[in-house]
Number of protein chains: 2
Amino acid sequence: MNVLIVYAHPEPRSFNRAMLDAAVETLGAGGHTVTVSDLYAMRFNPVAGPEDFTARRFPDALQYDREQKHATEHGLYAPDIQAEIDKLLACDLLLLQFPLWWFSVPAILKGWVDRVFVNGLVYGKGRRFDAGGMRGKRALVSITTACYPQMVEADGLLAHLDINLWHLQHGTLAYAGFEVLEPSAAWSIHYTDDASRRAYLRAWRGRLQGIEHETPKPMHVLADFDAGWRLKPGIVPRTAGHRARAGVEAA
Amino acid sequence: MNVLIVYAHPEPRSFNRAMLDAAVETLGAGGHTVTVSDLYAMRFNPVAGPEDFTARRFPDALQYDREQKHATEHGLYAPDIQAEIDKLLACDLLLLQFPLWWFSVPAILKGWVDRVFVNGLVYGKGRRFDAGGMRGKRALVSITTACYPQMVEADGLLAHLDINLWHLQHGTLAYAGFEVLEPSAAWSIHYTDDASRRAYLRAWRGRLQGIEHETPKPMHVLADFDAGWRLKPGIVPRTAGHRARAGVEAA
């Protein structure tokens, strides 16, 4: 496989970085080709703006997604965006390695998505879920977090991890067409000792050795929904987000 | 009320900006004091990093949240962060006005949260939910989106809007101690005509005229959870996220 790892941590001596290094080493040893976008080291600009295009279709007022569509058709992306698009297109597996900040990605990684997941290629004109631009590829979220795992169980303080990651795993990665693998989490990493950290790294290496054989998380396909974008009668909700259905309606 | 509006859109001629202007005008006319952080106009830096502190407790390796705790205790924040902290502390209502990008905030606004919601003040040492640093304040999310509303119903293509906004409304705002009001959404804004846009602005102005009388969304309090961070027996799940419980457990 071609693996693109997008890594977003400010500190090269962090445990998050150790997780990155373990992935690079293990996947390389497994015969995969690994590319790393180290966003902090690259000083990646996360702020979507008018300078993202080398020419504009609508110069009077920035309509970012419409401008993306035009830029996709005519090859008008700023070089830093085009370089990331090229890496994205070449990958079979996208691995996001980051510390969970406010139950989402650090801003520098959110900006990588905002600027690189472009209209006309990743999404747009019906490109989403099983018709998404990234269909045929897989994605994997790998976090370090101060949380304890019981906090992100279904009845935990924060609700299920899949609900916390919904905007990312479903609204971003699955929406773009990726098949999404189970997330990896190194828990309460601030409060662990060296032995626990070594155990996390060992488990991570072990998992990555067989990563190409994993079964992705269940996701709905577009055919599960009717013309009004609602689950068709008889379709059983397959995701944590859609399973919130009965409860929300009863409220 | 003192109202802090944090606004994140790159285009001054956008409909999102019209929503901001309507809020500034209506809240001002209602006797409230309004402060706006226009993140794009400020060229706000969203990338959390070592330069965020004027002095460091752990200079060898950046431990961002521990460094925040030290900076809170000793007043060591970079001026751009301290200015936003001061606005946050002074507000009674925090209004986030932004376009929904990948079911979350634009990166520039994520970075505002990453850098301004600091340890030792907003969160940390038991400060969360009803013991959060921002308790006594309210928060309101106002989005524009290309989505149609039926897509973010409980059985919609994307699952319920509350599930998509979970990381923000629960994991960030409620976690910090805010009481969270119902979100405001201007739907499928790319495909609406001027009359619909005027109707959105009219409804938004009408809502804001009585905003101080609204009842916040139901959220759990810390006392609903046991020592292992799980909902106590008999506590009925009150939020969209916790209502996903039964379904997830049955899977």
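**How chains A and B meet**

Modeller: This is a predicted model, and between chain A and chain B it has 2 salt bridges.

Biologist: What makes the pairing of B:Asp155 with A:Arg230 a salt bridge?

Modeller: The closest N and O atoms of B:Asp155 and A:Arg230 are 2.7 Å apart. The cut-off for an Arg nitrogen and an Asp carboxyl oxygen is 4 Å, so the pair counts as a salt bridge.

Biologist: How do you know what relates the two copies?

Modeller: Turn chain A by 180 degrees, with a shift of 0.0 Å along the axis, and it lies on chain B with an RMSD of 0.0 Å. The copies are therefore related as by a two-fold rotation axis. The same surface serves both: 100% of chain A's contact residues recur in chain B.

Biologist: Which residue of chain A comes closest to the rotation axis?

Modeller: That's A:Ala244, with its C-alpha at 1.9 Å.

Biologist: What area is buried between the chains?

Modeller: About 5900 Å², with carbon and sulfur atoms giving 66% of it. A:Trp102, A:Asp155 and A:Leu157 supply 16% of what chain A buries against chain B, more than any other three residues.

Methods:
Residues numbered from 1 in each chain as written. Chains lettered and ligands numbered in written order. Predicted model: local features only at pLDDT ≥ 70, side-chain atom pairs only at ≥ 80, totals over all residues. Heavy atoms only, no water. Least-squares fit on C-alpha atoms with pLDDT ≥ 70 in both. Contact = heavy atoms within 4.5 Å. Buried area = accessible area lost by both parts, 1.4 Å probe. Salt bridge = Lys/Arg side-chain N within 4 Å of Asp/Glu carboxyl O.
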